[in-house]
Amino acid sequence: MIEARHLRVLRAVAATGSFSAAARELGCTQPAVSQQMKALETSTGTPLLVRTGREMRLTQAGEALVRHAATILAGLTAAEEEVAAIAGLRAGRVRLVSFPSGSSTLVPGALAALRAAHPGTRVSLEEAEPPRSVEMLREGDCDVAVAFRYEGAGATEEWDDLVVRPLLADRLVGLVPDGHRLAKADAVTIGELADESWIAGCPRCRRQLVEVCRGAGFEPRIDFATDDYPAVIGLVGAGLGVAVLPELALESVRAKGARAVAVEPAVRREIVALTLPDLAQVPAVAATLDHLTGVATAGRRP
């Protein structure tokens, strides 16, 4: 295997014409230059230099290697500079995937803080609900996934192979029309809404709603189902039913005609940022995780 340090010595010998002059240029001893040239000739399997009196002359193989050495060393220098820029967060890229309500609340503040601190780092954003977002992470289609799971879901959803950065606990709240009989209540139980028409959200939230209602002894009558939280809120505001939504889903949408009420007993989902162990060591990924944590801790403000 040809090593870059040997190529640098060869170029110095070719430029100066002797081992001693090359040693002075490189700041090392003449025996060290001689040893490295012997190692290079052993690697290539052919002589590279011929001694003629006090000077060194390149063989045909030596000339060819010197000619390629300039390109190789220039490329290596460029690679070293690029890697150093990435390591120093002067450059780099992070591919982020988040579920929609996280994209509109947690992610903007985190990306604004990341850009302010490290303007050379580029971040792309794609939306996907878990478990698809987690699959994308494992398949190499993203570097960080902002995901969630409901309390008690750990047994059915293994994240043991991932780095899990907890962000916040997102409590579910009830949503009823302004004129509803429970609109002014401080808190309601799921059972008090047993006879209502229900409007359900994303598939995972829909399953959670059914499980909570069944735990309260009834099967919810779901008349409308949509992945779009603003649509859920609009349907409730129009008096077409009630819903249970995560607090994050209400943060960026004006609940016109609808009233949020606390639900007892409390149901929460765990919001996390996920990445792979090796990716967690990449400076840009680590910085993204830190800023997501910072925004969540500070109440989701940049």
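Me: Which residues of helix 8 are called buried?

Reply: The model is a predicted one. In helix 8 the buried residues are Arg204, Cys205, Gln208, Leu209, Val210 and Cys213; the term requires a relative accessible area under 20%.

Me: What makes the span of helix 8 close to the expected one?

Reply: Helix 8 covers residues 203-215, 13 residues, and its first and last C-alpha atoms are 18 Å apart. The expectation at 1.5 Å a residue is 18 Å, to which the span is close. Just after helix 8, Gly217 adopts a positive phi of about 95°.

Me: Why does Ser133 count as buried?

Reply: The relative accessibility of Ser133 is 0%, and the limit for a buried residue is under 20%; Ser133 therefore counts as buried. Ser133 belongs to helix 7, residues 132-138. Apart from neighbours within four places in sequence, its contacts are Val97, Ala128, Cys142, Ala145 and Ala147.

Me: How many aromatic pairs does the whole structure hold, and why is the pair of Phe99 and Phe148 called edge-to-face?

Reply: A search of the whole structure gives 2 aromatic pairs. The ring centres of Phe99 and Phe148 are 5.0 Å apart and their planes stand at 80°. Centres within 6.5 Å make a pair, and planes over 60 degrees apart make it edge-to-face; the pair of Phe99 and Phe148 is therefore edge-to-face.

Me: Why is this pair said to tie together separate parts of the sequence?

Reply: Phe99 is in the loop between strand 3 (93-98) and helix 5 (100-103), while Phe148 is in strand 5 (residues 144-150), so the pair ties together parts that are 49 residues apart in sequence. Phe99 counts as buried, at 1% relative accessibility, and Phe148 counts as buried at 1% relative accessibility.

Me: What places Arg269 over the face of Phe148?

Reply: Arg269 is 4.3 Å from the ring centre of Phe148 and lies over its face; the distance criterion is within 6 Å. Arg149 likewise lies over the face of Trp159, at 3.9 Å from the ring centre.

Me: How do you know that the peptide bond joining Pro130 and Pro131 is cis?

Reply: The omega angle of this cis bond is about 10°. Pro131 is in the loop between strand 4 (122-127) and helix 7. Another cis bond runs from Glu264 to Pro265, with omega near -5°, and Pro265 is in the loop between strand 11 (258-264) and strand 12 (268-275).

Me: What phi does Leu89 have, and why is Leu89 called buried?

Reply: Leu89 has a positive phi of about 60°, although it is not a glycine. Most residues other than glycine have a negative phi. The relative accessible area of Leu89 is 14%, and the limit is under 20%, so Leu89 is buried.

Me: Why is the protein chain described as more spread out than a compact globule?

Reply: The chain has 11 helices and 12 strands. Its radius of gyration is 31 Å, well over the 19 Å that the globule rule gives for 302 residues, so the chain is more spread out than a compact globule. Its C-alpha atoms fill a box of roughly 105 × 35 × 25 Å along the principal axes.

Notes
Residues are numbered from 1 along each chain as its sequence is written. This is a predicted model: local features need pLDDT of at least 70, side-chain atom pairs count only at pLDDT 80 or more; totals for chains, interfaces and linings use all residues. Side-chain values use heavy atoms; hydrogens and water are left out. Helices (H or I, at least four residues) and strands (E, at least two) are DSSP runs, numbered from the N terminus. Buried means under 20% relative accessible area, exposed over 50%, partly exposed in between (1.4 Å probe, protein chains only). Contact means heavy atoms within 4.5 Å. The expected span of a helix is 1.5 Å times one less than its number of residues. Rings of Phe, Tyr and Trp (its six-membered ring) pair if their centres lie within 6.5 Å; planes under 30 degrees apart count as stacked, over 60 as edge-to-face and the rest as tilted. A charge sits over a ring if NZ of Lys or CZ of Arg is within 6 Å of the ring centre and within 35 degrees of the ring normal. The radius of gyration is taken over C-alpha atoms; the globule rule is 2.2 Å times the number of residues to the power 0.38.
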